[in-house]
Amino acid sequence: MGLWWAVMKRSFRRHATYRGATLAGLFTNTIFGFIQAYVMLAIFSQRGDVGGFDRQDALTYVFVTQGFLMVINVFAGPGEISARVRSGDIVTDFYRPVDFQAYSLALDLGRAMFQALARGVPPFLVGALVFDLVAPSSPAMVAAFLLAAVLATVASFGFRFLVGLAAFWILDDRGPAQILGVAWMFFSGFILPINFFPGPLEAVARVLPFQVMLQVPVEIFLGKYTGAGLAGALALQVFWVVVLLGAGRVVLAAAMRKLVIQGG
Amino acid sequence: MVEAVRIYGHLAAARVRADWQYRTSFVLFTLGQALITFLDFAAIAVIFGRVDVIEGWSLAEVAFLYGAGGTAFGLADCFISAVERCSQRIKDGAFDRLLIRPLGPLLQLSAEEFAFRRFGKLAQAMTVFGIAMAAVDVDWTLGRVLMVPSMVLAGFAIFGAIFVITSSLAFWTVDTQEFANAFTYGGNFMTQYPLGIFAPWMRRLAMLTGVAFVNYVPALYVLGRDGERERFGLPAWTLFASPAVGLAAALIAVWVWRTAIRHYRSTGS
Amino acid sequence: MSAHIELVDVEKSFSVWERRGVVRRSRKTVAAVAGVSLAIERGELCGYIGPNGAGKSTTVKMLTGILVPSAGTIRVAGLDPQRNRVDLARRIGVVFGQRTQLWWDLPLSDSFELLRHVYRIPSDRFRSNLSSFVELLDLGPFLSTPVRQLSLGQRMRGDLTAALLHDPEILYLDEPTIGLDVVSKSNVREFLATVNRERGVTILLTTHDLADVERLCSRLVVIDHGRVIEDGPVAAIKDRFAGWRRVVVDLEEPAPGLDLGLAGVEVEKVDGPRQWLRFDRTATTAAAVVSAVVARVKIVDLSVEDPDIEDVITTIYTRPPTP
């Protein structure tokens with residue numbers, strides 16, 4: 001356990017050094033939050049309810065999403081893993097005496113912790129100053145949200161890990177990764193909340209894993225789930241975490257076999 | 001000037017040939033870009049599935065805004081946005097070799113980092129624009145017809161200027177890329193909706209940076225929305241101000257860039 | 001008639017931020033070039049050397065217009081690099097040893113074509129230059145190969161061609177032979193000598209490989225701590241700092257260091273039967289040393305060595321700076 005904590009801490013610190021980029025990103029997040037907020041206001045000037053959200057919900061959704069973006073790392077391309085596969089450096093990663101998936105997860109969690117503090121909280125606070133936002137109604141709800149946030153991060157990691165390993169089989173995977181990234185952005189609820197989608201499209205989104213990375217935790221924040229519903233939502237997250245991490249292990253084993261056979 | 005365009009053409013073509021070596025990525029990237037921007041518009045379509053108008057603008061009218069702004073942004077993205085790469089080049093030490101050549105570094109950068117895939121975005125925006133122009137209920141006088149290319153070109157200049165100015169910051173500070181995104185992609189985002197939905201301070205910022213003149217203000221003329229113009233206190237002449245704003249933006253951008261290069265040459269970054 | 005490349009009292013200082021404590025920073029001014037004056041005539045092949053951090057690359061950056069000086073004047077081909085960067089760019093060629101100017105993913109020939117457009121080289125001039133460089137540097141076999149697949153030596157030959165296609169008056173070279181094998185180095189030197197001789201190109205060569213200097217340069221400028229500390233013909237510098245010679249003897253049988261009873265002779269090294277004897281040229285001669293050796297022991301073989309350029313430069317770098 002001590003090892004994982006050390007890895008996370010190191011990753012946290014590493015990302016903390018990029019002060020300029022963090023500040024700049026924060027500025028951008030906040031601006032985008034405002035733009036989206038006014039779009040929501042324009043929509044809700046016409047109706048009081050869209051897909052079960054009222055105006056306050058929608059505004060809160062916008063700012064929590066902006067804060068959450070970097071935590072789940074929506075914009076990451078295939079990223080480091082893919083680059084290391086192509087350069088061959090991945091070999092050193094595989095020969096470390098620690099499980100590669102767990103190691104990568106620890107690194108990602110360290111990063112996510114930093115992003116949560118540095119970029120997750122401020123946009124929400126700024127939004128809350130200007131608009132009338134919703135907040136979790138009780139400490140239990142806060143705890144549920146934090147749990148959901150962690151699950152979302154792990155699920156997102158699971159997905160990115162898979163995409164990254166694809167580099168073992170697809171020589172230049174930037175193209176496919178971009179298309180997947182687009183799907184991710186749309187179906188996670190980043191562009192618009194999933195419950196705003198027309199019926200059929202929403203149905204599609206609800207069977208995909210992406211929703212648990214953004215939409216579900218934010219809905220928990222908004223207090224849309226209580227009691228059994230809340231348990232169900234968290235269970236859905238856990239389900240996808242298990243599926244994605246499990247698939248990750250299978251693919252990792254296949255990749256390591258491939259490396260041994262082909263020599264990288 | 002013609003010379004510069006010719007050289008730009010050669011350098012950009014070389015870059016496209018180089019990228020074409022990685023064929024699958026090339027095609028997928030281009031499709032991916034079109035897809036991303038399609039989703040952008042899909043979001044608007046989804047919204048209009050729930051409401052009939054936004055601030056009194058119909059779907060066709062918002063699509064007109066989207067198409068005009070997207071085309072202007074797409075042009076700037078295709079031909080100028082590559083300038084953003086200067087900060088990476090400075091970090092890698094690959095910037096100096098541009099100063100060895102008998103050409104301006106701005107021209108070289110935007111040509112050498114030319115990315116064909118950005119045409120995906122442009123194509124999508126132009127398609128939406130075309131459809132919107134057919135769908136929108138407008139009495140097409142000569143003035144209005146001429147306004148369309150004029151606003152696209154002015155928009156191209158304005159967004160291009162924003163790209164150049166925000167990229168110039170890289171010469172003074174490190175890691176400004178994300179900051180620039182607030183103005184480039186943020187600006188593009190704002191032009192997708194009628195400016196009236198935003199808070200007064202945001203509208204004023206859009207006016208100041210010229211973003212409002214990319215598509216919104218000229219659209220008021222094309223779509224005949226005089227009431228709205230008066231509501232925001234815009235005198236009638238501003239409807240035709242886009243070309244002037246575009247020119248001013250371009251001149252300011254060139255000046256900022258030159259100052260940035262001067263700074264680089266005296267401090268060696 | 002003024003010099004082709006002229007620097008007068010050129011200085012270049014940088015502001016460096018230093019961290020003092022947790023938050024505060026203070027500014028320090030570092031002088032990379034602290035008053036350099038130099039005049040290089042047309043057609044000279046001049047070596048420009050110095051220890052790391054001496055100010056070499058800063059000087060070259062100022063000559064090419066990448067950096068502007070903090071003080072002093074620079075004139076290259078009569079132009080001020082600060083004001084006339086673009087005009088000057090047409091008349092100079094630059095080769096960076098470690099970074100290529102070529103387009104990475106494209107065939108070598110494509111790079112040359114692009115440069116033809118960039119420098120607006122007339123077609124006939126371009127064709128004739130290209131064919132002579134192809135011949136001189138044997139580029140034929142890999143003209144259609146993407147630059148990223150070229151070996152270091154091939155890439156360097158490509159870079160040299162790229163720098164000369166537009167008939168520049170001046171060529172700046174920064175470590176052109178670094179990382180090359182012996183044969184390639186020799187070819188590059190041969191090529192540079194030819195270009196200098198036949199085309200009259202003024203060449204400023206920055207290098208750490210002193211064999212480059214020895215084989216190519218007529219003149220040597222040594223810079224350290226931002227100042228010129230030596231400037232003159234290579235032979236003259238060698239003479240001044242090479243006041244010693246060495247006799248290497250192979251004795252029939254190993255023996256302890258020989259005591260020859262001659263002033264100015266010292267035993268540098270003993271390795272089995274071989275001994276290195278260094279002597280001061282002003283004190284004695286090789287003949288005297290050899291006679292003294294032969295009088296004392298039986299020898300199997302001997303040779304006489306002169307200090308090489310490495311020894312000379314080491315002496316220059318390590319002597320205490322003159323106040």
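**Figure 1. Contact between chain C and chain B.** The contact between these two chains takes 21 residues from chain C and 19 residues from chain B; two residues are in contact if their C-beta atoms, placed from the backbone, lie within 7 Å. The model is predicted, so local features need pLDDT of at least 70 and side-chain atom pairs count only at pLDDT 80 or more, while totals for chains, interfaces and linings use all residues. Residues are numbered from 1 along each chain as its sequence is written, chains are lettered from A, and ligands are numbered from 1, in the order in which they are written. On the side of chain C that touches chain B, α2 (85-89) and α3 (108-118) of chain C each supply at least two residues. Helices (H or I, at least four residues) and strands (E, at least two) are DSSP runs, numbered from the N terminus. The most comes from α3(C), with 4 residues. This side of chain C divides into 12 nonpolar, 4 polar and 5 charged residues. Ala, Val, Leu, Ile, Met, Phe, Trp, Tyr, Cys and Pro count as nonpolar, Asp, Glu, Lys and Arg as charged, and the others, Gly among them, as polar.

**Figure 2. Contact between chain A and chain B.** Here 32 residues of chain A are in contact with 33 residues of chain B. On the side of chain A that touches chain B, α2 (19-44) and α8 (174-187) of chain A each supply at least two residues, and α2(A) has the largest share, 15 residues. The residues on this side of chain A are 23 nonpolar, 6 polar and 3 charged. Of the 2 pairs of chains that touch, A and B have the most contacts. Chains A and C do not touch, and their nearest C-alpha atoms are 14 Å apart.

**Figure 3. Nonpolar cores.** A nonpolar core is a set of buried Ala, Val, Leu, Ile, Met, Phe, Trp, Tyr and Cys residues joined through C-beta atoms within 7 Å. A residue is buried if 20 or more other C-beta atoms lie within 10 Å of its own, exposed if 12 or fewer, and partly exposed in between, with C-beta atoms placed from the backbone. The largest core holds 226 residues, and A:A155 and B:I158 have the most contacts inside it. Beyond its neighbours within four places in sequence, B:I158 is in contact with B:G210, B:V211, B:F213, B:V214, B:V245, B:G246 and B:A249. Another core, of 10 residues, lies apart from the largest one and includes C:L260, C:V265, C:L277 and C:V289.

**Figure 4. The sheet of 6 strands in chain C.** This open sheet has the order β5-β6-β7-β3-β8-β9 (chain C) and mixed pairing; two strands pair if DSSP finds at least two bridges between them. Strands β5 and β9 (227-233) of chain C are the edges, each pairing on one side only. From one strand to the next the twist averages 15°. Axes are lines fitted to C-alpha atoms, for helices over the stretch in contact, and angles run from 0 to 180 degrees between N-to-C directions. Strands β3 (residues 45-49) and β8 (residues 219-224) of chain C run parallel and are joined by 4 bridges, with C:Y48 opposite C:V221 in β8(C). Helix α1 (residues 56-64) of chain C lies across β3, β5, β6, β7 (202-206) and β8 of chain C, at about 150° to β6(C). Helix α8 (residues 234-241) of chain C lies across β8 and β9 of chain C, at about 110° to β9(C).

**Figure 5. Helix α5 of chain C.** The 13 residues of α5 (residues 152-164) of chain C should span 18 Å at 1.5 Å a residue, and the end C-alpha atoms are 19 Å apart, which agrees. The expected span is 1.5 Å times one less than the number of residues. Buried residues of α5(C) include C:M156, C:L160 and C:L164. The buried residues pack against β5 (92-96), α3, α4 (123-137), β6 (170-174) and α6 (182-199) of chain C.

Figure 6. The strands form an open antiparallel sheet in the order β11-β12-β10-β13 (chain C). Strands β11 (265-271) and β13 (299-305) of chain C each have a single partner strand, so one side of each has no neighbour in the sheet. Neighbouring strands are turned by 20° against each other on average, direction ignored. Strand β10(C) pairs with β12 (residues 274-280) of chain C over 7 bridges in the antiparallel sense, and C:L277 in β12(C) is the bridge partner of C:V247. Helix α9 (residues 286-296) of chain C packs on the sheet, touching β10, β11, β12 and β13 of chain C, and its direction makes about 25° with that of β10(C). C:R246 lies in β10 (residues 244-251) of chain C and counts as partly exposed because it has 18 C-beta neighbours inside 10 Å. Leaving aside neighbours within four places in sequence, C:R246 is in contact with C:W276, C:L277, C:R278 and C:E305.
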